[in-house]
Amino acid sequence: MAGVSYRDYSNEQPQPEERDCWALSTRTTSSPVFPLKLHETLTQIDKDGYDDIIGWLPHGRSFKIHKQKEFTDIILPRYFVMTKKSSFLRQLNLYSFNRFSGTSPNKGSYYHEKFLRGKKFLTRRMTRQKVNGNRIRSAGNPEKEPDLSSYSVCNGNRIRSEKL
């Protein structure tokens with residue numbers, strides 16, 4: 001698609017310094033904690049059986065909140081220690097996640113080219129944007145959104161090269 005800027009990081013391997021990011025306790029304060037926490041939480045939510053509320057889409061390149069009320073009532077306080085969905089969305093915006101618009105099967109899901117199922121180490125490469133109260137996010141443009149189905153599936157159960 002013309003105008004689409006999406007780099008496929010699914011074949012990336014962790015650098016030596018990225019091999020130690022398996023737990024939040026090993027993170028430094030300058031590292032992006034929210035993307036790592038979100039990645040680990042999506043894995044835990046799947047294990048806990050809440051993936052009908054929020055979870056990875058089948059291609060593993062985006063995630064979606066399926067049930068808004070249950071997300072706010074159950075998921076946020078249990079896994080993120082926050083109570084407002086707006087706080088969660090603000091974190092997504094600060095780390096440059098995008099939300100699919102249009103009519104594709106991805107509609108309403110959130111993606112970032114460095115946020116892939118089974119590639120937790122990539123969260124270390126995500127940068128938090130500087131806070132600027134004047135920034136206004138533009139409306140979604142389906143013509144400029146990547147077609148994630150054209151990329152290989154990122155499957156956390158299959159991709160084991162992350163832990164070397």
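Predicted model: local features only at pLDDT ≥ 70, side-chain atom pairs only at ≥ 80, totals over all residues.
Which elements do the buried residues of helix 3 pack against? The views below take up this point and others.

View 1. Residues are numbered from 1 along each chain as its sequence is written, and side-chain values use heavy atoms, with hydrogens and water left out. The buried residues of helix 3 pack against helix 1 (33–48), strand 2 (62–65), helix 2 (68–80) and strand 4 (110–111); contact means heavy atoms within 4.5 Å. Helices (H or I, at least four residues) and strands (E, at least two) are DSSP runs, numbered from the N terminus.

**View 2. The buried side of helix 3 (residues 85–94).** Phe88, Gln91, Leu92 and Leu94 are buried (under 20% relative accessible area, 1.4 Å probe, protein chains only). Because they cover an arc of only 165° around the axis, these residues lie on the same side of helix 3; the arc is that of the directions from the helix axis to the C-beta atoms. Just after helix 3, Ser96 has a positive phi of about 65°.

**View 3. Helix 1 against helix 2.** The two axes come within 11 Å and cross at roughly 120°; they are lines fitted to C-alpha atoms over the stretch in contact, with angles from 0 to 180 degrees between N-to-C directions. Residues of helix 1, including Phe34, Leu38 and Ile45, meet Ile75, Tyr79 and Phe80 in helix 2.

Key: Buried < 20%, exposed > 50% of the residue type's maximum accessible area, 1.4 Å probe, protein only.
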